[in-house]
Amino acid sequence: MKVTAINGSPHAKGNTWFALKTAGDVLVREGVDFQIIHVGNKNVHGCISCRQCAKNQDDKCSIRHDELNNFLPLVKDADGIILGAPVYYSGIAGIMKCFLDRLFYVSGANGNWMRHKVGAAVTAVRRSGGSSTLDSLYHYLTISEMIVATSNYWGIIHGQKEEEAAQDAEGIQTMQVLGANMAWLLALKQAAAHIAPPPKATKIATNFIR
Ligand SMILES: Cc1cc2nc3c(=O)[nH]c(=O)nc-3n(C[C@H](O)[C@H](O)[C@H](O)COP(=O)(O)O)c2cc1C
(Lines give C-alpha, C1' and ligand atoms only; values in the text may rest on other atoms or scores of the structure.)
Protein backbone atom coordinates (compact mmCIF):
# COMPACT_ATOMS: atom_id res chain seq x y z
CA MET A 1 0.00 0.00 0.00
CA LYS A 2 1.25 3.45 -0.93
CA VAL A 3 0.40 6.87 0.44
CA THR A 4 1.35 10.11 -1.28
CA ALA A 5 1.20 13.26 0.84
CA ILE A 6 1.07 16.67 -0.80
CA ASN A 7 2.97 19.49 0.90
CA GLY A 8 1.24 22.67 -0.22
CA SER A 9 3.55 25.01 1.69
CA PRO A 10 6.32 26.98 0.05
CA HIS A 11 8.51 25.70 2.91
CA ALA A 12 10.12 22.33 2.26
CA LYS A 13 10.44 21.52 5.98
CA GLY A 14 7.85 23.83 7.54
CA ASN A 15 4.90 23.06 9.78
CA THR A 16 2.79 21.49 7.01
CA TRP A 17 5.66 19.14 6.22
CA PHE A 18 6.04 18.36 9.94
CA ALA A 19 2.36 17.43 10.19
CA LEU A 20 2.57 15.19 7.11
CA LYS A 21 5.82 13.59 8.28
CA THR A 22 4.37 12.89 11.74
CA ALA A 23 1.39 11.04 10.22
CA GLY A 24 3.72 9.41 7.69
CA ASP A 25 6.06 8.04 10.35
CA VAL A 26 3.14 6.05 11.77
CA LEU A 27 2.12 4.84 8.30
CA VAL A 28 5.68 3.64 7.67
CA ARG A 29 5.73 1.85 11.04
CA GLU A 30 2.55 0.07 9.91
CA GLY A 31 4.24 -1.09 6.70
CA VAL A 32 2.86 1.51 4.29
CA ASP A 33 5.09 3.10 1.60
CA PHE A 34 5.02 6.84 2.19
CA GLN A 35 6.26 9.80 0.21
CA ILE A 36 5.79 13.56 0.43
CA ILE A 37 5.66 15.54 -2.79
CA HIS A 38 6.44 19.23 -2.52
CA VAL A 39 4.19 21.37 -4.71
CA GLY A 40 3.90 24.57 -2.64
CA ASN A 41 7.21 25.96 -3.95
CA LYS A 42 6.37 25.30 -7.60
CA ASN A 43 5.03 27.68 -10.18
CA VAL A 44 1.52 26.21 -10.53
CA HIS A 45 -0.97 28.00 -12.76
CA GLY A 46 -4.65 28.10 -11.80
CA CYS A 47 -7.30 26.08 -13.66
CA ILE A 48 -8.39 27.96 -16.80
CA SER A 49 -11.66 26.01 -17.16
CA CYS A 50 -10.86 24.88 -20.71
CA ARG A 51 -12.24 21.37 -20.01
CA GLN A 52 -9.65 20.01 -22.40
CA CYS A 53 -8.77 17.29 -19.86
CA ALA A 54 -12.26 15.82 -20.38
CA LYS A 55 -11.83 15.80 -24.15
CA ASN A 56 -8.26 14.46 -24.22
CA GLN A 57 -8.83 11.62 -21.71
CA ASP A 58 -5.07 11.33 -21.18
CA ASP A 59 -4.92 11.89 -17.39
CA LYS A 60 -3.21 15.20 -18.01
CA CYS A 61 -3.97 18.88 -17.63
CA SER A 62 -3.86 20.84 -20.87
CA ILE A 63 -1.63 23.46 -19.27
CA ARG A 64 1.78 22.10 -20.20
CA HIS A 65 4.07 24.97 -19.21
CA ASP A 66 4.30 24.09 -15.51
CA GLU A 67 5.15 20.99 -13.49
CA LEU A 68 1.70 19.83 -12.44
CA ASN A 69 1.46 16.92 -14.88
CA ASN A 70 4.70 15.42 -13.52
CA PHE A 71 3.02 14.98 -10.14
CA LEU A 72 -0.24 13.42 -11.30
CA PRO A 73 1.01 9.80 -11.64
CA LEU A 74 2.38 9.96 -8.07
CA VAL A 75 -1.15 10.66 -6.89
CA LYS A 76 -2.96 8.35 -9.30
CA ASP A 77 -0.78 5.36 -8.37
CA ALA A 78 -1.24 5.80 -4.60
CA ASP A 79 -3.79 3.95 -2.46
CA GLY A 80 -4.03 6.89 -0.07
CA ILE A 81 -3.58 10.66 -0.30
CA ILE A 82 -2.95 13.25 2.41
CA LEU A 83 -3.57 16.87 1.47
CA GLY A 84 -1.44 19.31 3.50
CA ALA A 85 -1.89 23.07 3.32
CA PRO A 86 -0.74 26.03 5.36
CA VAL A 87 -3.51 28.44 6.28
CA TYR A 88 -3.36 31.73 4.35
CA TYR A 89 -6.09 34.22 5.26
CA SER A 90 -8.20 31.41 6.75
CA GLY A 91 -8.06 29.42 3.52
CA ILE A 92 -5.89 27.09 1.45
CA ALA A 93 -2.57 28.71 0.44
CA GLY A 94 -2.86 29.84 -3.18
CA ILE A 95 -0.43 27.51 -4.95
CA MET A 96 -1.96 24.49 -3.25
CA LYS A 97 -5.46 25.66 -4.24
CA CYS A 98 -4.34 25.94 -7.88
CA PHE A 99 -2.77 22.47 -7.64
CA LEU A 100 -5.84 20.83 -6.10
CA ASP A 101 -8.33 22.43 -8.51
CA ARG A 102 -6.43 21.01 -11.46
CA LEU A 103 -5.53 17.65 -9.90
CA PHE A 104 -9.10 16.86 -8.89
CA TYR A 105 -10.60 18.21 -12.12
CA VAL A 106 -8.29 16.05 -14.22
CA SER A 107 -9.09 13.03 -12.06
CA GLY A 108 -12.83 13.67 -12.18
CA ALA A 109 -12.83 14.19 -15.94
CA ASN A 110 -10.78 11.04 -16.53
CA GLY A 111 -12.93 8.45 -14.75
CA ASN A 112 -12.40 9.73 -11.19
CA TRP A 113 -9.30 7.80 -10.20
CA MET A 114 -9.56 9.29 -6.69
CA ARG A 115 -12.68 7.18 -6.09
CA HIS A 116 -12.34 4.91 -3.03
CA LYS A 117 -8.77 5.87 -2.28
CA VAL A 118 -8.26 6.63 1.40
CA GLY A 119 -7.94 10.39 1.84
CA ALA A 120 -6.99 12.71 4.67
CA ALA A 121 -6.26 16.39 5.09
CA VAL A 122 -4.12 18.46 7.45
CA THR A 123 -3.43 22.16 7.92
CA ALA A 124 -0.73 24.20 9.62
CA VAL A 125 -1.72 27.49 11.19
CA ARG A 126 -0.35 30.11 13.53
CA ARG A 127 -3.64 30.87 15.27
CA SER A 128 -6.96 31.00 13.42
CA GLY A 129 -8.48 29.64 10.21
CA GLY A 130 -7.49 25.99 10.57
CA SER A 131 -11.08 24.73 10.57
CA SER A 132 -12.24 26.67 7.51
CA THR A 133 -9.13 25.58 5.61
CA LEU A 134 -9.64 21.97 6.62
CA ASP A 135 -13.28 22.17 5.47
CA SER A 136 -12.09 23.41 2.08
CA LEU A 137 -9.62 20.54 1.79
CA TYR A 138 -12.34 18.03 2.73
CA HIS A 139 -14.46 19.31 -0.18
CA TYR A 140 -11.97 17.76 -2.63
CA LEU A 141 -12.02 14.40 -0.83
CA THR A 142 -15.74 14.15 -0.30
CA ILE A 143 -16.85 15.07 -3.83
CA SER A 144 -14.55 12.34 -5.13
CA GLU A 145 -16.13 9.42 -3.24
CA MET A 146 -12.96 8.98 -1.19
CA ILE A 147 -12.82 7.11 2.11
CA VAL A 148 -11.84 9.77 4.62
CA ALA A 149 -9.48 8.98 7.49
CA THR A 150 -9.96 11.07 10.61
CA SER A 151 -8.32 11.54 14.01
CA ASN A 152 -9.25 12.33 17.62
CA TYR A 153 -9.17 16.04 16.75
CA TRP A 154 -9.41 17.97 13.48
CA GLY A 155 -6.21 17.74 11.47
CA ILE A 156 -4.71 21.05 12.51
CA ILE A 157 -1.21 21.73 13.83
CA HIS A 158 -0.19 25.06 15.34
CA GLY A 159 2.98 27.01 14.77
CA GLN A 160 4.26 30.02 12.91
CA LYS A 161 7.96 29.60 12.24
CA GLU A 162 9.20 26.38 10.72
CA GLU A 163 10.19 24.56 13.91
CA GLU A 164 7.25 25.61 16.06
CA ALA A 165 4.78 22.82 15.28
CA ALA A 166 7.16 20.41 17.02
CA GLN A 167 6.04 22.04 20.30
CA ASP A 168 2.33 21.34 19.67
CA ALA A 169 1.86 18.11 21.64
CA GLU A 170 -1.84 17.82 20.84
CA GLY A 171 -1.24 18.54 17.17
CA ILE A 172 1.43 15.84 17.08
CA GLN A 173 -0.93 13.30 18.62
CA THR A 174 -3.66 14.33 16.15
CA MET A 175 -1.30 13.53 13.26
CA GLN A 176 -0.19 10.24 14.82
CA VAL A 177 -3.76 9.06 15.36
CA LEU A 178 -4.58 10.14 11.81
CA GLY A 179 -1.68 8.07 10.48
CA ALA A 180 -2.77 5.02 12.52
CA ASN A 181 -6.39 5.30 11.38
CA MET A 182 -5.31 5.73 7.79
CA ALA A 183 -3.08 2.65 7.96
CA TRP A 184 -5.98 0.67 9.42
CA LEU A 185 -8.40 1.82 6.69
CA LEU A 186 -5.84 0.84 4.04
CA ALA A 187 -5.49 -2.60 5.65
CA LEU A 188 -9.29 -2.98 5.79
CA LYS A 189 -9.52 -2.06 2.12
CA GLN A 190 -6.86 -4.60 1.22
CA ALA A 191 -8.56 -7.32 3.28
CA ALA A 192 -11.91 -6.51 1.67
CA ALA A 193 -10.59 -6.49 -1.91
CA HIS A 194 -12.92 -9.40 -2.73
CA ILE A 195 -15.97 -7.22 -2.00
CA ALA A 196 -16.96 -5.37 -5.17
CA PRO A 197 -17.43 -1.62 -4.79
CA PRO A 198 -20.82 -0.19 -5.72
CA PRO A 199 -21.04 0.56 -9.45
CA LYS A 200 -20.08 4.05 -10.48
CA ALA A 201 -23.16 6.20 -11.04
CA THR A 202 -23.50 8.12 -14.27
CA LYS A 203 -23.27 11.66 -13.00
CA ILE A 204 -26.37 13.81 -13.22
CA ALA A 205 -25.26 17.44 -13.30
CA THR A 206 -27.99 20.03 -13.03
CA ASN A 207 -27.87 23.74 -12.49
CA PHE A 208 -30.59 26.15 -11.47
CA ILE A 209 -31.80 26.83 -15.00
CA ARG A 210 -32.63 23.36 -16.24
C1 LIG B 1 0.22 34.94 3.36
C2 LIG B 1 0.05 34.30 4.71
C3 LIG B 1 -1.21 34.26 5.28
C4 LIG B 1 -1.40 33.66 6.53
N5 LIG B 1 -2.67 33.63 7.05
C6 LIG B 1 -2.85 33.10 8.29
C7 LIG B 1 -4.16 33.07 8.86
O8 LIG B 1 -5.17 33.44 8.26
N9 LIG B 1 -4.27 32.58 10.12
C10 LIG B 1 -3.20 32.14 10.85
O11 LIG B 1 -3.35 31.76 11.98
N12 LIG B 1 -1.96 32.08 10.29
C13 LIG B 1 -1.76 32.56 9.03
N14 LIG B 1 -0.51 32.51 8.46
C15 LIG B 1 0.59 31.79 9.17
C16 LIG B 1 0.77 30.36 8.64
O17 LIG B 1 -0.45 29.68 8.48
C18 LIG B 1 1.66 29.53 9.60
O19 LIG B 1 2.88 30.20 9.76
C20 LIG B 1 1.86 28.11 9.15
O21 LIG B 1 2.42 27.37 10.20
C22 LIG B 1 2.78 28.03 7.94
O23 LIG B 1 2.99 26.66 7.59
P24 LIG B 1 4.32 26.19 6.82
O25 LIG B 1 5.46 26.29 7.80
O26 LIG B 1 4.07 24.80 6.40
O27 LIG B 1 4.51 27.12 5.66
C28 LIG B 1 -0.28 33.09 7.22
C29 LIG B 1 0.98 33.13 6.62
C30 LIG B 1 1.15 33.73 5.39
C31 LIG B 1 2.53 33.74 4.76
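## Exercise 1: Threonine 22

The side chain of threonine 22 comes to 2.6 Å from the backbone oxygen of phenylalanine 18. Before going on, note that this is a predicted model, in which local features need pLDDT of at least 70, side-chain atom pairs count only at pLDDT 80 or more, and totals for chains, interfaces and linings use all residues. Residues are numbered from 1 along each chain as its sequence is written, and side-chain values use heavy atoms, with hydrogens and water left out.

**Task.** Find the helix that holds threonine 22, decide whether threonine 22 is buried or exposed, and list what it is in contact with beyond its neighbours within four places in sequence.

**Solution.** 
- Step 1: Threonine 22 sits in helix H1, residues 15-29. Helices (H or I, at least four residues) and strands (E, at least two) are DSSP runs, numbered from the N terminus.
- Step 2: The relative accessibility of threonine 22 is 10%, so it counts as buried. Buried means under 20% relative accessible area, exposed over 50%, and partly exposed in between (1.4 Å probe, protein chains only).
- Step 3: Once neighbours within four places in sequence are left aside, threonine 22 is in contact with Ile172, Met175 and Gln176. Contact means heavy atoms within 4.5 Å.

## Exercise 2: H1 against H6

**Task.** Work out how H1 and helix H6 (residues 169-191) pack, and which residues meet.

**Solution.** 
- Step 1: The axes of H1 and H6 are 7 Å apart, and the packing angle is about 45°. Axes are lines fitted to C-alpha atoms, for helices over the stretch in contact, and angles run from 0 to 180 degrees between N-to-C directions.
- Step 2: That angle makes H1 oblique to H6. The classes are roughly parallel under 35 degrees, roughly antiparallel over 145, roughly perpendicular from 65 to 115, and oblique for the rest.
- Step 3: The crossing of H1 and H6 is right-handed. A crossing is left-handed if the near helix is turned anticlockwise from the far one by less than a right angle, and right-handed if clockwise.
- Step 4: From H1, Phe18, Ala19, Thr22, Ala23, Val26 and Leu27 take part; from H6 come Ile172, Met175, Gln176, Gly179, Ala180, Met182, Ala183 and Leu186.
- Step 5: Sorted by class, the contact of H1 with H6 has 11 nonpolar, 3 polar and no charged residues. Here Ala, Val, Leu, Ile, Met, Phe, Trp, Tyr, Cys and Pro count as nonpolar, Asp, Glu, Lys and Arg as charged, and the others, Gly among them, as polar.

## Exercise 3: Two partners for H4

**Task.** Describe how H4 crosses H3 and how H4 crosses H5.

**Solution.** 
- Step 1: Helix H3 (residues 68-76) and helix H4 (residues 94-109) have axes that come within 11 Å and cross at roughly 60°. H3 and H4 are therefore oblique to each other, and their crossing is right-handed.
- Step 2: In this pair, Leu68, Phe71, Leu72 and Val75 of H3 meet Phe99, Arg102, Leu103 and Val106 of H4. The contact of H3 with H4 divides into 7 nonpolar, no polar and 1 charged.
- Step 3: Now take H4 and helix H5 (residues 130-142), whose axes come within 11 Å and cross at roughly 15°. H4 and H5 are therefore roughly parallel, with a left-handed crossing.
- Step 4: Lys97, Leu100, Asp101 and Phe104 of H4 make this contact with Leu137, Tyr140 and Leu141 of H5. The classes in the contact of H4 with H5 are 5 nonpolar, no polar and 2 charged residues.

## Exercise 4: Positive phi

**Task.** Where does aspartate 59 lie, and where does asparagine 112 lie?

**Solution.** 
- Step 1: Start with the background: most residues other than glycine have a negative phi.
- Step 2: Aspartate 59, not a glycine, has a positive phi of about 60°. Aspartate 59 is in the loop between helix H2 (52-56) and H3, and is partly exposed at 24% relative accessible area.
- Step 3: Asparagine 112 also has a positive phi, near 55°. Its place is the loop between H4 and strand S5 (118-125), and it is buried, with a relative accessible area of 14%.

Terms used
A polar contact is a pair of N or O atoms within 3.5 Å; within protein, one must be able to donate a hydrogen and the other to accept it, and residues adjacent in sequence count only if both atoms are side-chain atoms.
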